[in-house]
Amino acid sequence: MGQQNYEGLPASELDYAFQPWDIGDGVAAVVGGLAVVLVGLGATVLVRGARRGALDLRWWGVIGPLVVVGLMAGVGWRILTAGGVGANIGAGLLIIFGTPFVAGLTLWAMAWGVWLLTDRSGDRGRSGGSDLGGFASSGV
């Protein structure tokens, strides 16, 4: 996609909430493609593990909010680094409303994860995670 700056002015004359990193388009395309492949592989492992019963379904209450936080961080970075003329209203709104929302989702995921790790009532006697490569999927 490239940098989403205001068209009609050179980048040196634009205002930025945060200066974007100086990364070439080719490097960004390779890193983006690698990220898409890794997301696909990770999602496949998680969904297959959940369908086989190796991943306790309650962990989706941790994974889901963290996925939303990641998406918001990516979109937010695009908004914060977009060059424009004058004030970047989107950046201000993102900081005011997005930051507490992301903090809340992150705290929720952390609290839910700690609760799942320490709760032994729902693990049905399993040691947890042996079918998922040793990761604790239903408590430690």
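The paragraphs below describe the fold, the surface, the aromatic pairs and a few individual residues of this predicted model.

Residues are numbered from 1 along each chain as its sequence is written, and side-chain values rest on heavy atoms, with hydrogens and water left out. Since the model is predicted, local features need pLDDT of at least 70 and side-chain atom pairs count only at pLDDT 80 or more, whereas totals for chains, interfaces and linings use all residues.

Overall architecture comes first. The protein has 3 helices and 0 strands, and along the sequence these elements give the pattern α-α-α. Helices here are DSSP runs of H or I with at least four residues, strands are runs of E with at least two, and both are numbered from the N terminus. Of the 140 residues in the protein, 22% are buried; the term buried stands for under 20% relative accessible area, exposed for over 50%, and partly exposed for values in between, with a 1.4 Å probe and protein chains only. Turning to contacts (heavy atoms within 4.5 Å), among those between residues at least 6 apart in sequence, 64% join residues at least 24 apart.

Areas were computed by the Shrake-Rupley method with a 1.4 Å probe, and for residues only the protein chains shown count as cover. Phe18, Trp21, Ile23, Val27, Val31, Trp77 and Ile95 make a nonpolar surface patch of about 720 Å². Patches are made of residues with over 30% relative accessible area and no salt bridge, with like charges joined within 9 Å and nonpolar side chains (Val, Leu, Ile, Met, Phe, Trp, Tyr) within 5 Å. One of the patch members is Ile23, a residue of the segment before α1 that is partly exposed at a relative accessible area of 44%.

Two tryptophans of that patch, Trp21 and Trp77, lead on to the aromatic rings. A pair of aromatic rings is described by the distance of the centres and the angle of the planes. Rings of Phe, Tyr and Trp (its six-membered ring) pair if their centres lie within 6.5 Å; planes under 30 degrees apart count as stacked, over 60 as edge-to-face and the rest as tilted. The whole structure holds 3 aromatic pairs by this search. In one of them, the ring centres of Trp21 and Trp77 are 5.2 Å apart and the planes stand at 45 degrees, so the pair is tilted. Because Trp21 lies in the segment before α1 and Trp77 in helix α2, the pair ties together parts that are 56 residues apart in sequence. Trp21 counts as exposed at 64% relative accessibility, and Trp77 as partly exposed at 34%.

The rings of Trp112 and Trp115 have centres 5.1 Å apart and planes at 25 degrees, so this pair is stacked. Both residues belong to helix α3 (residues 89-118), where they sit 3 residues apart, about one turn of the helix. Trp112 is partly exposed at 25% relative accessibility, as is Trp115 with a relative accessible area of 39%. Together with Trp108, Trp112 and Trp115 form one aromatic cluster.

Charged side chains provide the next feature. Side chains of opposite charge can pair when their charged atoms come close. The structure holds 1 salt bridge, a term that requires a side-chain nitrogen of Lys or Arg within 4 Å of a carboxyl oxygen of Asp or Glu. Arg58 forms a salt bridge with Asp56, and the closest N and O atoms are 2.8 Å apart. Asp56 is found in the loop between α1 (25-52) and α2 (60-80). This aspartate, Asp56, is buried at a relative accessible area of 7%, whereas Arg58 is partly exposed at 23%.

Two further buried residues complete the picture. Gly76 is in helix α2 and is buried, with a relative accessible area of 4%. From Gly76 to Leu94 the C-alpha to C-alpha distance is 6.9 Å, across 18 residues of sequence. Leaving aside neighbours within four places in sequence, Leu14 is in contact with Asn5, Tyr6, Leu9, Gly83, Gly84 and Val85. The C-alpha atoms of Leu14 and Ala82 are separated by 9.1 Å, the two residues being 68 residues apart along the chain.
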